[in-house]
Amino acid sequence: MPEIGGASGAASLAWLLFVLPALGALVLFVAGRRANAWGHWLGVATVLASFAVGLAIFFETLGLDPGQRTRELHLFDWMSVGSFTVDFGVRLDPLSLTFVLLITGVGSLIHIYSVGYMAPHDGGDDDHAEPGGDSSRRRFFAQLNLFVAAMLVLVLGNNFVMLYLGWEGVGLASYLLIGFYQDRPSAATAAKKAFLMNRVGDVGLAIAIFLLWLELGTVQYSEVFERIGEVGAPTLVAITVMLLLGACGKSGQFPLQAWLPDAMEGPTPVSALIHAATMVTAGVYLIARCGPIYNLTETGRLVVTLVGVVTLLIGAIIGCAYDDIKKVLAYSTVSQIGYMFLAVGLGPAGYALGIFHLLTHGFFKAGLFLGAGSVMHAMNDDVDMRRYGGLARHMPITFVTFGLGYLALIGFPLLSGYFSKDAIIEAAFGQEGWQGWVYGGAATLAAGLTAFYMTRLVLMTFFGEKRWENLKSDDGHDYHPHESPVTMTAPMVVLALGSVGAGAVLSGIGLTEWLAPSLGELQESDHGVLPHAVVPWLVVGISALGVLIAYLVVGRRPTPVERPEPVSFPVRAARRDLYANAINETFIARPGTWLSRALVYVDNRGVDGVVNGTAALLGGSSGRLRRLQTGFVRSYALSILGGSVLVIAAMLAVRFA
């Protein structure tokens with residue numbers, strides 16, 4: 001068996017993890033129309049093959065002693081400029097392998113689901129209309145493969161430059177997939193918004209990498225984490241804040257959260273893969289991977305936790321007000337990622353818990369998005385829940401799988417979210433002083449709001465009167481709800497099983513112990529503001545209250561098909577995203593535009609003016625001086641005579657002065 005960087009066995013095949021989907025993307029992009037008939041199956045096969053390789057490496061690593069589970073594989077020398085050297089290598093450790101299984105496992109299910117969801121339209125009213133037919137589907141799978149390859153490079157790289165390569169690749173693939181429907185102006189606008197807001201975060205990540213290089217002369221994880229103690233405190237805080245800025249961009253955290261809900265303009269499988277299970281978790285991965293850096297600065301961790309607390313509340317509040325099923329789930333994602341940021345901001349007390357919730361969230365949120373896509377598939381792509389109602393009888397598989405994901409998300413006892421989210425809330429209450437009350441109180445309040453908006457979503461979609469019976473969709477078609485094909489329902493069933501049992505299984509097999517070589521031992525506090533035994537009862541009680549209020553507000557009242565104008569300021573503010581777009585427009589976009597225009601003016605009239613003015617002065621002067629060069633000898637003699645007279649006159653004046 002070939003060896004790479006001294007490794008043998010399954011680990012020597014680690015390069016296949018990202019090469020296979022990258023090769024699939026290349027073939028689909030290059031083959032063009034020749035791949036229309038089979039391109040989607042190639043896209044599925046490459047991700048399934050990567051999942052198989054990941055499983056083989058995982059089980060091989062599981063058989064090693066904990067101290068031997070971190071391996072560095074050198075693939076080739078990437079760049080070398082003076083003392084700056086970067087190799088293209090792979091870091092195989094429990095953290096990266098956990099992400100590999102999540103990306104390729106959930107990614108495989110979403111690829112299979114996409115075969116049915118993105119099937120070309122054959123003209124029937126009951127079919128999901130996809131413009132472009134087979135060509136559109138082939139392009140979609142090429143971009144989806146590209147995203148998976150970039151995400152795997154991000155989590156497998158053994159240095160910050162490789163992480164940045166995957167980071168930018170994910171941003172590019174996300175831009176392409178969000179704007180997949182190229183004929184829709186809203187999709188193009190959403191793609192540009194996501195791309196530009198992510199660039200803000202990417203600048204922060206780049207600055208952090210520059211600072212690490214300037215201080216330590218290396219970007220290799222192993223060397224940086226070993227020598228990070230050499231960096232001064234002010235610089236260390238700056239590095240952690242810049243890393244956090246990059247994480248906020250990718251994960252849709254405050255103040256860069258406004259792009260994520262708009263990204264729902266892309267196909268629903270994109271929302272399930274990129275905006276629920278993988279890309280938005282990249283920020284959590286970055287903070288957890290850089291744990292040795294954050295462990296040295298309490299200020300850096302404090303900023304992370306505060307960002308998480310603010311974001312989880314923002315997402316939960318806005319989720320209560322929307323009628324668009326995908327945007328409700330989008331803001332739910334914003335809120336749940338906020339929980340993960342809160343966890344990793346707690347340092348050794350929460351790194352593993354953040355990853356734990358990341359994994360369970362990947363199952364139930366991907367399942368919820370696929371369930372929403374199944375509903376849209378049956379309802380002519382309508383996303384307005386006010387036009388739904390009574391779909392449980394028409395879509396039993398979708399209803400059951402979606403319902404299990406809903407119960408897992410709200411933290412129903414013994415389902416996945418109960419184990420992971422409650423563990424984060426316990427760790428938050430485990431902090432001392434005001435931090436325990438603020439972190440734990442905010443997380444508990446968000447749990448109640450989550451139960452409210454998700455119960456509202458389920459009631460409006462699957463229960464009550466059939467509000468669609470006498471309506472037509474925006475394209476003029478009648479609604480004929482029906483269950484989705486097996487290529488869509490089968491992945492939903494698998495994800496529903498994960499929603500039910502992933503939390504118990506991961507807790508039972510000792511996920512925190514498995515992650516210890518990468519994240520350190522989990523530190524539990526016995527001196528918090530509330531006893532651990534009280535927290536689960538408190539959270540379940542608050543969640544039950546949220547369910548009850550949703551039932552009283554929505555379940556016992558008829559849902560109007562046309563949204564009434566909100567009368568209260570909180571509802572108006574929530575439906576306007578708490579004015580996040582207005583704030584960004586006022587304080588960032590417009591000042592940025594004005595600054596850009598001012599700089600262009602200064603460049604045109606100032607910098608270019610000086611350069612062009614100097615050139616014009618020299619050109620004009622030389623043109624006038626050139627007229628003195630007549631070519632006539634008598635003119636030159638007269639000039640010499642005149643000059644001689646002036647010189648003699650000047651000498652005489654000086655002599656007799």
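## Rings, charges and packed helices

Let's start with a charge and a ring: Arg-139 sits over the face of Phe-180, 4.1 Å from the ring centre. A second case of this kind involves Arg-184, found over the face of Tyr-181 at 3.9 Å from the ring centre. Keep in mind that this is a predicted model.

Searching the whole structure turns up 22 aromatic pairs.

Phe-160 and Tyr-221 are another edge-to-face pair, with 5.0 Å from centre to centre and 80° between the planes. Phe-160 belongs to helix α5 (residues 160-178) and Tyr-221 to helix α7 (residues 221-227), so this pair ties together parts that lie 61 residues apart in sequence. Both Phe-160 and Tyr-221 are buried. Elsewhere, one aromatic cluster is formed by Phe-18, Phe-76, Trp-78 and Phe-88.

On to the helices. Two packed helices can be described by the angle between their axes and the distance between those axes.

| Helices | Angle between axes | Distance between axes |
|---|---|---|
| α8 (residues 233-251) and α11 (residues 282-289) | roughly 155° | within 7 Å |
| α3 (residues 94-117) and α15 | about 5° | 11 Å |

Take α8 and α11, whose axes cross at roughly 155°. Angles over 145 degrees count as roughly antiparallel, which is why α8 is roughly antiparallel to α11. On the α8 side, the contact is made by Leu-243, Leu-244, Ala-247 and Ser-251, while α11 brings in Ala-282, Gly-283, Val-284, Leu-286 and Ile-287. Sorted by class, the residues where α8 meets α11 are 7 nonpolar and 2 polar, with no charged ones.

From α3, the contact uses Leu-95, Thr-98, Phe-99, Leu-102, Val-106, Ile-110, Tyr-113 and Tyr-117. From α15, the residues are Ile-355, Leu-358, Leu-359, Gly-362, Ala-366, Leu-370, Gly-373, Ser-374 and Met-376. The contact of α3 with α15 has 13 nonpolar and 4 polar residues, and again no charged ones.

Helix α15 (residues 351-378) also holds His-357. Is His-357 buried or exposed? Its relative accessible area is 0%, so His-357 is buried. Which residues does His-357 touch, leaving aside neighbours within four places in sequence? The contacts of His-357 are Gln-336, Tyr-339, Met-340, Phe-364, Ser-420, Lys-421 and Ile-424.

To finish, look at Trp-594, which is part of helix α23 (residues 580-626). Is Trp-594 buried or exposed? With a relative accessible area of 54%, Trp-594 is exposed.

Terms used:
Residues are numbered from 1 along each chain as its sequence is written. This is a predicted model: local features need pLDDT of at least 70, side-chain atom pairs count only at pLDDT 80 or more; totals for chains, interfaces and linings use all residues. Side-chain values use heavy atoms; hydrogens and water are left out. Axes are lines fitted to C-alpha atoms, for helices over the stretch in contact, and angles run from 0 to 180 degrees between N-to-C directions. Helices (H or I, at least four residues) and strands (E, at least two) are DSSP runs, numbered from the N terminus. Angles under 35 degrees count as roughly parallel, over 145 as roughly antiparallel, 65 to 115 as roughly perpendicular and the rest as oblique. Contact means heavy atoms within 4.5 Å. Ala, Val, Leu, Ile, Met, Phe, Trp, Tyr, Cys and Pro count as nonpolar, Asp, Glu, Lys and Arg as charged, and the others, Gly among them, as polar. Rings of Phe, Tyr and Trp (its six-membered ring) pair if their centres lie within 6.5 Å; planes under 30 degrees apart count as stacked, over 60 as edge-to-face and the rest as tilted. Buried means under 20% relative accessible area, exposed over 50%, partly exposed in between (1.4 Å probe, protein chains only). A charge sits over a ring if NZ of Lys or CZ of Arg is within 6 Å of the ring centre and within 35 degrees of the ring normal.
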